[in-house]
Amino acid sequence: MGIVGYSLGGGIGWLARRHGLACNSVVAAEMVTADGELVRADAESHADLFWAVRGGGGSFGAITALEFALYPVESLYAGALFFPLERAGEVLHRWAEWAPGTPEELTSVGRILRFPPLPELPDHLRGRSFALVEAAFLGEESAGTELLRPLRELGPDMDTFSTIPPAGLAELHMDPPQPVPGQSDHLLLSGAPPQAIDALLEAEGPGIETPLLSVELRHLGGALGKPAEASGPLAQLDGEFLMFAVGIPMGPEVAEAIEHHAGDLRSALSPWAAGRAYLNFAERPTDTETAFPPEQFRRLQEIRAQYDPTDLFCANHPVPAC
Ligand SMILES: Cc1cc2nc3c(=O)[nH]c(=O)nc-3n(C[C@H](O)[C@H](O)[C@H](O)COP(=O)(O)OP(=O)(O)OC[C@H]3O[C@@H](n4cnc5c(N)ncnc54)[C@H](O)[C@@H]3O)c2cc1C
């Protein structure tokens, strides 16, 4: 994944509950506008463009450089607790009950992961299926251990938590390091009460034959749920959890099955839908307007009309000029 697309579309990382969306940590963008001018957009110069690119996507120019605010972090307590897939019910229920009470220094994911039988995977993961909880905690190991106690009490089969440098976060979610085709769907949820967890398990839990390799709920809230100071159009994310489901479309039949399963999962969780899209996780054509509060979307359209009136730039989720 590229840092520019990630940051322009929001950016939910492992420190998101503490530091918010990545887009709101961008402090300057160098970009070529539709009339061919290279500009630096920041709080003082081209402030409207600066506002728009921080969450509004790629409709406003070609970004050649981004500058970010930095947060001093020497180490984190992070890892995953792996349980057999058959225990997904107790694990996900316990996690969904536990996560809302955790401090914003802790970001966690409750997940069902079905590893494919690929030779490059290690023996202990290849072809196996798990229910797991991944988390990163900005704090001391002793405090992290105490926070995780209710989950560890369940007795995981594997426990990979340790104190790691920030660079180690890149491997925490176990995304393949090399490019792999993926087909996914998402849904922002206003909450994950026991009925929502049951609905997820019924759709994709133990005993279900599915092409979805990963079905996860990310815990949001914290800094993501509060308006960021001097933000772009995505001041906050309106949702407490984010469902993300993905499979590898090896051929048209698998692609169709992924579409079908992901669609059914969305329907099953729709009673808890927060009503907004998160564009970084929107892989099908999506009405861009559904990702923003109406007044922010109107302002994005005005800025688009001012800087790119002829629709030169073609973003994955375009903001049409008004
Ligand atoms: C394995 C994987 C893991 C992911 N994990 C996360 C995650 O944890 N959190 C999260 O928030 N998202 C995540 N994503 C989603 C990711 O943020 C989006 O797919 C994002 O669009 C990727 O941007 P890109 O630059 O790689 O893709 P591209 O397809 O190159 O770009 C996407 C869009 O961004 C814009 N863009 C990109 N580069 C420029 C540029 N230089 N100038 C102007 N516009 C530009 C364009 O509009 C383009 O259509 C993940 C994706 C993958 C594949």
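Predicted model: local features only at pLDDT ≥ 70, side-chain atom pairs only at ≥ 80, totals over all residues.
Colleague: How many residues surround the ligand, and which are the closest?
Modeller: The ligand is surrounded by 19 residues. The closest are Gly-2, Ile-12, Ile-63, Arg-218 and Tyr-278.

Colleague: Let's talk polar atoms. What lies 3.0 Å from an oxygen atom of the ligand?
Modeller: That is a polar backbone atom of Asn-316. The side chain of Asn-280 also has an N or O atom 3.2 Å from a ligand oxygen. For Tyr-6, a backbone N or O atom lies 3.5 Å from an oxygen atom of the ligand.

Colleague: How much of the ligand does the protein bury?
Modeller: The protein buries 64% of the 950 Å² that the ligand exposes when taken alone.

Colleague: Which elements give two or more residues to the shell?
Modeller: Those are α1, residues 3-8, and β3, residues 62-68. The largest share comes from α1, with four residues.

Colleague: And which domains does the shell draw on?
Modeller: Domain 1 (3-71 + 290-307) and domain 2 (76-280) each supply at least three residues.

Colleague: What does UniProt list for residues 1-73?
Modeller: An unreviewed UniProt entry lists "domain: FAD-binding PCMH-type" there. In the model, residues 1-73 are 27% helix and 26% strand. The end C-alpha atoms of that stretch are 23 Å apart.

Colleague: New topic. How many salt bridges are there?
Modeller: The count comes to 21. One of them joins Arg-111 and Glu-134. Their closest N and O atoms are 2.6 Å apart.

Colleague: Where do Arg-111 and Glu-134 sit in the chain?
Modeller: Arg-111 is in strand β5, residues 106-114. Glu-134 is in strand β6, residues 129-137.

How values were computed
Residues numbered from 1 in each chain as written. Heavy atoms only, no water. Near = heavy atom within 4 Å. Polar contact = N/O pair within 3.5 Å; in protein donor to acceptor, adjacent residues only side chain to side chain. Areas by Shrake-Rupley, 256 points an atom, 1.4 Å probe, with all protein chains shown as cover. Domains from an automatic or database assignment. UniProt positions renumbered as here; feature names shortened; annotations may be inferred. Salt bridge = Lys/Arg side-chain N within 4 Å of Asp/Glu carboxyl O.
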